[in-house]
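Please look through the sequence and the structure shown here before reading on. The report that comes after is meant for someone new to them.

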Amino acid sequence: MRGKGLTCAALALLMLAVPSLAEPSDSFDADGYRSARYRAPVDRDPRPAARLALPAARLLTPGKDALFIDVLPAMGGVRDAATGKWRLGEEHLTIPGAIWHPEAGRSDADPLLWRALADTVAEARRKRPHLPVILFCRTDCWMGWNAARRLASEGYGNVWWLAEGIEGWRQETPLVPAEPVVVRPE
């Protein structure tokens with residue numbers, strides 16, 4: 001049994017040391033965004049954005065001290081292209097005070113949905129130029145990572161990724177039902 005344990009430990013260390021064994025290269029697109037298997041442990045920071053520790057995030061009041069943006073998909077939901085409204089398949093719970101931009105954390109996010117998220121940030125920053133922006137989804141989910149990285153790469157400063165997402169937040173504070181942002185067609 002001891003020999004088997006050492007073999008498993010050695011294999012785990014090898015997988016961490018050799019990225020090609022730990023993460024298939026086809027899990028990322030050419031720009032470095034996670035494009036497959038979004039629900040997997042995240043092993044890097046979303047540079048040029050940075051990770052925000054949960055205790056630090058809890059010091060902020062969402063919607064007041066910082067703009068919290070949830071990018072989880074609308075599970076079983078469909079967006080009506082004509083009206084921009086979402087028809088949800090199930091209720092989504094999020095951090096109180098957060099804004100929900102479903103699907104904006106995919107590597108190939110619909111440009112209209114991504115622009116709506118960026119417009120939300122730009123509008124908030126017109127009033128408060130240095131307002132922190134915190135993007136999140138779930139624990140072990142790359143969508144918040146993708147969105148934080150993309151937003152910071154587009155030149156927005158003070159962009160953070162909350163790795164623990166809704167699961168980490170709800171350990172101490174209940175989540176609330178969310179309504180997705182309506183993204184009207186152009």
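The sections below take up a pair of helices and then the salt bridges.

## Basis of the report

This is a predicted model, in which local features need pLDDT of at least 70 and side-chain atom pairs count only at pLDDT 80 or more, while totals for chains, interfaces and linings use all residues. Residues are numbered from 1 along each chain as its sequence is written, and side-chain values use heavy atoms, with hydrogens and water left out.

## Helices H4 and H5

Helices (H or I, at least four residues) and strands (E, at least two) are DSSP runs, numbered from the N terminus. Two packed helices are described by the angle between their axes and by the distance between the axes. For helix H4 (residues 111-127) and helix H5 (residues 142-153), the axes come within 12 Å and cross at roughly 65°; such axes are lines fitted to C-alpha atoms, for helices over the stretch in contact, and the angles run from 0 to 180 degrees between N-to-C directions.

On the H4 side, the contact (heavy atoms within 4.5 Å) is made by Trp114, Leu117, Ala118 and Val121, and on the H5 side by Ala147, Arg150 and Leu151. Sorted by class, the contact of H4 with H5 has six nonpolar residues, no polar ones and one charged residue, where Ala, Val, Leu, Ile, Met, Phe, Trp, Tyr, Cys and Pro count as nonpolar, Asp, Glu, Lys and Arg as charged, and the others, Gly among them, as polar.

## Salt bridges

A salt bridge is a side-chain nitrogen of Lys or Arg within 4 Å of a carboxyl oxygen of Asp or Glu, and by this rule the count comes to eight. One of them joins Glu164 and Arg51, with the closest N and O atoms 3.0 Å apart. This pair links distant parts of the chain, 113 residues apart, since Glu164 lies in the loop between strand E8 (159-162) and helix H6 (165-170) and Arg51 in strand E1 (residues 50-51).

Within helix H4, Glu123 forms a salt bridge with Lys127, and these two residues, being four apart, are separated by about one helical turn. Lys127 counts as exposed at 65% relative accessibility, while Glu123 is partly exposed at 35%; buried means under 20% relative accessible area, exposed over 50%, and partly exposed in between (1.4 Å probe, protein chains only). Glu123, Arg126 and Lys127 are linked in a network of salt bridges.
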